[in-house]
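The sequence and the model are shown first.

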Amino acid sequence: MSSNQLLKGKRGIIFGALNEASIAWKVAELCHAEGAQIVLTNAPVAAKVGQTGQLAEKLGATLIYADVTKMDDMENLISQSMEVLGGKLDFVLHSVGMSLNVRKKNAYTDSNYDYMHTTMDISAMSFHRLMQTLWKQDAMNEWGSILALSYIAAQRIFPDYGEMADAKALLESFSRSFGYHFGKAKKVRVNTISQSPTKTTAGSGVGGFDSFFNYADKMSPLGNADSESCAQYCVSMFSDYTRMVTMQNLFHDGGFSFTGISTDFMETFKD
Ligand SMILES: NC(=O)c1ccc[n+]([C@@H]2O[C@H](COP(=O)([O-])OP(=O)(O)OC[C@H]3O[C@@H](n4cnc5c(N)ncnc54)[C@H](O)[C@@H]3O)[C@@H](O)[C@H]2O)c1
């Protein structure tokens, strides 16, 4: 698809591009193609297990490692980004998630609370920490846009998604609450995009992923939304064409969230 330079002159930070399968990877590539200047960030451990450095090189972007659970890292990331980019920010993508109980295959009814605490910290509180740091450093330009990625397990039960469902519910709540304050004081919008199941490192870590990927694909009139189309939606949310959209959880799921049953699925249950 040819570029429309929708983000020409805009500056932003993109969290969470671990490898080519990451949703944030596709967002970073498209933001770059649409004329934005970006800083990439990821957890320090990603330097060993991921390819964020290669993406930074390819896009000519600065990479600043930061653990989202560490206040100092977050403060350094925001101030350094403004310095590198030469001004305040117009957009930020939070594309970070990890569940320790899910990773350790603990049943939801046998959750370890130290793990749960870390899960909430990485996957939800980090969004508040990010917004509070942006707020305190007055780092956002007016009409800027802040986005995080969520999943429909925040509203409906998907048993294998475990405590991540609760983390996503908290994430969406932070988006509404901080969105109010950011809107009122600084004309900045805050939203979450609730994305279809997507084949990535984080996604595939959820038990039974292939089953609910296929289930969602069959249930959605348009099929599952892939990471490229998610990137396009993110870019539209960073552009000036969505300036009055805030405090929303926006479903980007091919219609899954509002489908009761699909004809494809009904075939499966015939007699
Ligand atoms: N894949 C899916 O099916 C799906 C569906 C809906 C929403 N999402 C959400 O999309 C977002 C991106 O996930 P993805 O699917 O692209 O997987 P991914 O594994 O590529 O991305 C997750 C990122 O989180 C980063 N991260 C983990 N701990 C961190 C920490 N302490 N500090 C900084 N970064 C840390 C990882 O390094 C990685 O880059 C997540 O919020 C995820 O929950 C994914």
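The largest nonpolar core has 69 residues, and those with the most contacts inside it are Ile14, Val27, Ala28, Cys31 and Cys234. A nonpolar core is a set of buried Ala, Val, Leu, Ile, Met, Phe, Trp, Tyr and Cys residues joined through C-beta atoms within 7 Å. A residue is buried if 20 or more other C-beta atoms lie within 10 Å of its own, exposed if 12 or fewer, and partly exposed in between, with C-beta atoms placed from the backbone. In soluble globular proteins, nonpolar side chains tend to be buried together.

The model is predicted: local features need pLDDT of at least 70, side-chain atom pairs count only at pLDDT 80 or more, and totals for chains, interfaces and linings use all residues. Residues are numbered from 1 along each chain as its sequence is written.

Cys31, one of the core residues with the most contacts, touches Leu7, Gly12, Ile14, Ala36, Ile38, Val235 and Phe238, not counting residues up to four places away in sequence. Two residues are in contact if their C-beta atoms, placed from the backbone, lie within 7 Å.

**Two helices**

Helices (H or I, at least four residues) and strands (E, at least two) are DSSP runs, numbered from the N terminus.

Which residues of α10 are buried? They are Ser227, Cys230, Ala231, Cys234, Val235, Met237 and Phe238. Seen down the axis of α10, these buried residues fall within an arc of 160°, so they line one face of the helix. The arc is that of the directions from the helix axis to the C-beta atoms. The elements that cover the buried residues of α10 include β1 (11-15), α1 (23-33), β4 (89-94), β5 (140-150), β6 (189-195) and β7 (249-252).

In α4, the buried residues are Met74, Leu77, Ile78, Ser81 and Leu85. Viewed along the axis of α4, they fall within an arc of 90°, so they line one face of the helix. Asp72 and Glu83, on the other side of α4, are exposed. Among the elements covering the buried residues of α4 are β1, β2 (37-42), β3 (62-65), β4 and α6 (113-136). Just after α4, Gly86 takes a positive phi of about 80°.

**The surroundings of the ligand**

How many residues surround the ligand? There are 26, and the closest are Leu18, Ser22, Gly97, Ala202 and Gly203. Here a residue is near a molecule if its C-beta atom, placed from the backbone, lies within 6 Å of it. The elements that give two or more residues to this shell are α1, β5 and α8 (201-204). Of these, α8 gives the most, with three residues. By class, the shell has 13 nonpolar, twelve polar and one charged residues. Ala, Val, Leu, Ile, Met, Phe, Trp, Tyr, Cys and Pro count as nonpolar, Asp, Glu, Lys and Arg as charged, and the others, Gly among them, as polar.

**Residues outside the helices and strands**

Tyr161 is found in the loop between β5 and α7 (164-186). Is Tyr161 buried or exposed? Tyr161 counts as buried because it has 25 C-beta neighbours inside 10 Å. Tyr161 touches Ala153 and Val206, not counting residues up to four places away in sequence. The C-alpha atoms of Tyr161 and Ser99 are separated by 9.1 Å, although these residues are 62 places apart along the chain.

The loop between α10 and β7 contains Met244 and Met247. Met244 is exposed, because 8 other C-beta atoms lie within 10 Å. Met244 and Gly183 are 61 residues apart in sequence, and their C-alpha atoms are 9.7 Å apart in space. Met247 is partly exposed, with 17 other C-beta atoms within 10 Å. Met247 has a positive phi of about 65° although it is not a glycine.

Lys187, in the loop between α7 and β6, has a phi near 55°, a positive value in a residue other than glycine. Lys187 is partly exposed, with 14 other C-beta atoms within 10 Å.
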